[in-house]
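Hi,

Here is the structure I promised to pass on. Have a look, and my notes on the contacts follow below.

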Amino acid sequence: MSSTQTTAPSGPSAGGAPSAVRRAWNTLVDGFAALGTVLICVLMLIIASDVVARNLVGGSLPLVSELGALTLVMIVYLQLGTTIRHDRLARTEFLFGALCAARPRLGQLVGALYDLIGAGIVGAMAWATIHIVEKDLASHEFIGVTGVLTVPVWPFRVLILAGLTIAALQFLLQTVDALRGRGAATASKDKT
Amino acid sequence: MSVEIGGIAIAALVVLIFLGLPIGISMMVVSFVGVALIRNDTVAMRMLGQVANDSLREYLFAVVPLFVLMGLLVTVSGVGKDTFDLFERLMRRLRAGLGIATVFANAVFASITGISIASASVFARVAVPEMTRHGYGKAFSTGVVAGSSVLGMLIPPSLLMIVYAVLAEESVGRMFLAGVGPGLLLAVIFSVTILLLGTFRRSFVFDRPDEETVPDPFGALQTLRLAVPIVSLVLLVLGGLYGGFLNPTEAGAVGALGALAIALLRRSLTPRVFWNLLVETGQITVSVLFLIVAATFFSRMLAMSGLPNWLAETLLDGSLGHLGFLIVYLALVIVLGCLIDSISIMLILLPIALPVAEAAHFDLIWFGVLTVVAVETGLLTPPFGLSVYTIKSALQDDELTVGNIFRGAFPFVLAMIAALAILIAVPSIATWLARA
């Protein structure tokens, strides 16, 4: 459990103090992650109170399973950006790590390519989600039971879209950083 | 034609993963291109959107952050140390008793945590110093901890069992039940291994004779004080699960809350520590669930290509036979375990292997248990045994090389392979509780 560096700047940037824009960006990424972190607690409390309600009062709380499912999806995408920034996506290290150790600059360029690929695919996920948001809005998609308690789906979906967009931009940012020779080659960063 | 695309996609995936592209990203890229080739890019784009939005939208997946949080909470609250202290006193008269105490303390700790890494880091700090103080060699001590940490993933709750259940569309509750018997079997085999080593290979086990006095057993009150938190957590989670009061997700939530209560009661939690645990929980959750999103896409692409069915027909009708397929599969899992992390192996191989296993009429619960045991050997084998590196970084001892730990863990790799053989021969060890 060494990863306590949520507030650390993105990589040991060699290019001096991060610009104001970059600091604002990091705050945004961390803010989204913090929201996701809080949601983990919320999820725990929602589900636990459902258990209590069922066993004491004899009735389940409404919406718990649908809400729990949507909350979970949000947790993942809200924190995707920060996970990318801290290089916590699972990957193998033996070839890439050796390359970064032997030829740091080349490793950095290969890392830039990987980040670019990541930006492409996560960007595509975001792009495809736009249509889903539009559809949710158009068809008034909701969860719950009509007449009892309903919650529209689109606010959740917008947050998912925002999380995906931020994750794609984070990848893109790391590509630019690596091309400009800033930031360490990712494989040498801490892995737990 | 599509079958070939499926085959090429698998080859491309393996290459990308070895080159070090993040595994989830590799799967997404390969699947996207695969679908675009089999159908067209509009379909690929639509599937990508669906997978991203809907594959995680299951109540069940909430179990992942909850059990991870629970595991991290019990780790900081020192419950692991108490368990070890209790077993140390219980086993003090046995030959190499501390080793066996470590195994059983791990088995109990495993039933409140779902990640082997948590067990490895806790017991590296708790058991290894105590064992070396009593004359055990460092390689052996760390090997015992590494070996018994795999119980964390076998004895429920277990992250790997959850992942398998999702991929195989089996019930998580049943998979959890299926892990109990094999977990106990493995604990017994490990203990026998330690006893044998302690008898016939004393130089491997001990550096010097044990001159330290063994602590006296705790009084009844002290035993109770140490045992109550862990026993109540185990009862809460496993009892709720098996008694049918709780589904797996609820067991996770109640367990996490219970672990939180224990951590608070013991004052081992500052707001800062708690926040860091939550952040860590989030990052583990994201890396696991992002892989699941990617694997969903990958397995849909493969199904579209028709490769798994083709493979099932070819493999099973050919000279390989059912048992032959099983052995080749398990060997492949063990070899991949040397290179890739556990969850990724399952996510890559299972979409291909499950249709074959189904066609061979294997009991998928049993198949899952075998897969998990085989995958877990990868935690102990060089060059990338994750448990070994966890122990190395938990101990921060310069004299102790990674090679030493691998050497110490090797007897346990053999023990796990023996356990696999027993499980293949006697499937009911895994299935009796789950199918009851």
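The contact (heavy atoms within 4.5 Å) takes 57 residues from chain A and 62 residues from chain B. Please keep in mind that this is a predicted model, in which local features need pLDDT of at least 70 and side-chain atom pairs count only at pLDDT 80 or more, while totals for chains, interfaces and linings use all residues. Residues are numbered from 1 along each chain as its sequence is written, chains are lettered from A in the order in which they are written, and side-chain values use heavy atoms, leaving out hydrogens and water.

Between chain A and chain B, about 5100 Å² is buried, 75% of it from carbon and sulfur atoms (accessible area, 1.4 Å probe, lost on putting the two parts together, summed over both).

Two salt bridges cross this interface (a side-chain nitrogen of Lys or Arg within 4 Å of a carboxyl oxygen of Asp or Glu). Glu250(B) pairs with Arg54(A), their closest N and O atoms being 2.8 Å apart. Arg88(A) meets Glu280(B) at 3.2 Å, N to O. Arg88(A) is buried at 12% relative accessibility, and Glu280(B) is buried at 5% (buried means under 20% relative accessible area, 1.4 Å probe, protein chains only).

Over all chains the count comes to 12 salt bridges. Within chain A, Arg22(A) and Asp177(A) form one at 3.0 Å, N to O, and both residues are buried. In chain B, Lys138(B), Asp397(B) and Glu399(B) are linked in a network of salt bridges.

Best wishes

Note on methods:
Buried means under 20% relative accessible area, exposed over 50%, partly exposed in between (1.4 Å probe, protein chains only).
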